[in-house]
Amino acid sequence: MSDRESGDEQQQPQAQEASDPGESALGGAAEQELATRTLHIQSKRFYLDVKQNRRGRFIKVAEVGAGGKKSRLLLAMSSAAEFRDFLSDFSEHYSRLGEHSPTNSETPPEDGKLKSEIIVKDNRRYYLDLKENQRGRFLRVSQTIPRGGPRSQIAIPAQGMIEFRDALTELLEEFGTDDQEPQNELPESRSMRVENKMFYFDVGSNRRGVYLRVSEVSVRNNFRTAITIPERSWGRFRDIISEFVDKASTKPEGE
C-alpha cells in the first residue's frame, strides 16, 4: 500500500478540545483570529490559525480526520518557525527513502521511527517523529502539557509535509516569528449565529496595518470561508451595508 494511505496511526486516544493546564500560556480568553489556512491532505483537513491574545501571537494547528475526530496543537510563533525548518529536514529525509511497501525487505525500526527531533519552548516540548507502519509513512507531532497532563498530537501524511510547510511559511512571512505582545489594544472579537452558520468578526494587525476579518463557518461541517477588510475601507464597507439595510427597511410589506 502506498504512502497515500498513511498518517492514520492514531488508534490511540487524542487529547480533547477542553482546556489543559498549559493552554493559558498561549490560547485562552479574548483570542482574536488574524488569519487561517486550510489544507486537504489525503482524508484529513488541517486548519492553521494565527491567533492573538494579550500575551502575543501564536498558531493553532487543528487536524480533522475523516470521521470528524479533532486534535490540535498550539505553537508560539518562534516554535512554529522552528517547526517549519524541521519540516524541510524531514521532507528531505523522506525523499531519500525507498518506496514504502508492507512487504519491503528493509525492516523499519521496531518502534517505526525513521527520524526524530525535539522542539523546546519554555515549559513545553514538541516531539517530531517520522514514522512508518503498514499503512505508510507520516510525521507525528506531539505536544507535552506541563504538570503531567496528557499529550496532544497530530499526524501529517508524509506526502503532505511540503504543502504543510509552505502554508506555515506564508503565515510566518506575514506575521513574523517573534512572540511579541500586541502594540495597540484592538477591539474584542464578536460573533453571531444565523440559522446553521456562525459569523466571526476579528480585528487584527500585521505589517501592513489593522484589518477586520469576517469568517463564515458552517455549523454542520465546520467548512470555513473568510474575507479581510483593511481598516481604511471600514467606513465605505459600513456605508454599503447601511444602504442595503435602509432599502430593505423601506420595502412595502408583502414584497
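Which residues is lysine 51 in contact with, leaving aside its neighbours within four places in sequence? In this predicted model, lysine 51 is in contact with Glu31, Gln32, Glu33, Leu34, Gly56, Arg57, Phe58 and Lys60, once those neighbours are set aside. Lysine 51 belongs to strand E2, which covers residues 44-53. Its relative accessibility is 11%, and because buried means under 20%, lysine 51 counts as buried. One of its contacts, glutamate 31, is 20 residues away in sequence, while the two C-alpha atoms are 6.4 Å apart in space.

Lysine 51 also takes part in the largest pocket, where Glu33, Lys51, Tyr200, Val217 and Arg224 lie nearest the centre. The space in this pocket is about 460 Å³. Its lining consists of 20 residues, divided by class into eight charged, seven nonpolar and five polar residues. Strands E1 (32-41), E2, E3 (56-64), E10 (197-206) and E11 (209-218) are the elements that give two or more residues to this lining.

The largest nonpolar core is made up of 36 residues. Those with the most contacts inside this core are Leu48, Phe83, Leu128, Leu139, Ile156, Met161 and Phe164. Helix H1, spanning residues 77-95, gives the largest share of the core, with eight residues. In soluble globular proteins, nonpolar side chains tend to be buried together.

Helix H1 contains 19 residues. From its first C-alpha to its last, H1 reaches 27 Å, close to the 27 Å expected at 1.5 Å a residue. The buried residues of H1 are Met77, Ser79, Ala80, Ala81, Phe83, Arg84, Phe86, Leu87, Phe90, Ser91 and Tyr94. For phenylalanine 83, residues up to four places away in sequence were not counted, and the residues touched are Leu75, Ile119, Leu128, Leu139, Val141, Ile156, Phe164 and Leu168. Several of these partners, including Leu128, Leu139, Ile156 and Phe164, are also listed among the residues with the most contacts inside the largest core.

Leucine 212 and aspartate 202 are 10 residues apart in sequence, and their C-alpha atoms are 5.7 Å apart in space.

Backbone geometry was examined at two loop positions. Most residues other than glycine have a negative phi. Glutamine 42, however, has a positive phi of about 55 degrees although it is not a glycine. The position of glutamine 42 is in the loop between E1 and E2, and its relative accessible area of 34% makes this residue partly exposed. Glutamate 195, likewise not a glycine, has a positive phi of about 55 degrees. Glutamate 195 lies in the loop between strand E9 (190-194) and E10. At a relative accessible area of 72%, glutamate 195 is exposed.

Conventions
Residues are numbered from 1 along each chain as its sequence is written. This is a predicted model: local features need pLDDT of at least 70, side-chain atom pairs count only at pLDDT 80 or more; totals for chains, interfaces and linings use all residues. Side-chain values use heavy atoms; hydrogens and water are left out. A nonpolar core is a set of buried Ala, Val, Leu, Ile, Met, Phe, Trp, Tyr and Cys residues joined through side-chain atoms within 4.5 Å. Buried means under 20% relative accessible area, exposed over 50%, partly exposed in between (1.4 Å probe, protein chains only). Helices (H or I, at least four residues) and strands (E, at least two) are DSSP runs, numbered from the N terminus. Contact means heavy atoms within 4.5 Å. On a 1 Å grid over the protein atoms alone, a cavity is a set of points where a 1.4 Å probe fits but cannot get out, and a pocket is an open set with protein on both sides within 12 Å along at least five of seven lines; lining residues have an atom within 4 Å of a point. Grid points are joined across faces, edges and corners, and a volume is the space filled by probe spheres set on the points. Ala, Val, Leu, Ile, Met, Phe, Trp, Tyr, Cys and Pro count as nonpolar, Asp, Glu, Lys and Arg as charged, and the others, Gly among them, as polar. The expected span of a helix is 1.5 Å times one less than its number of residues.
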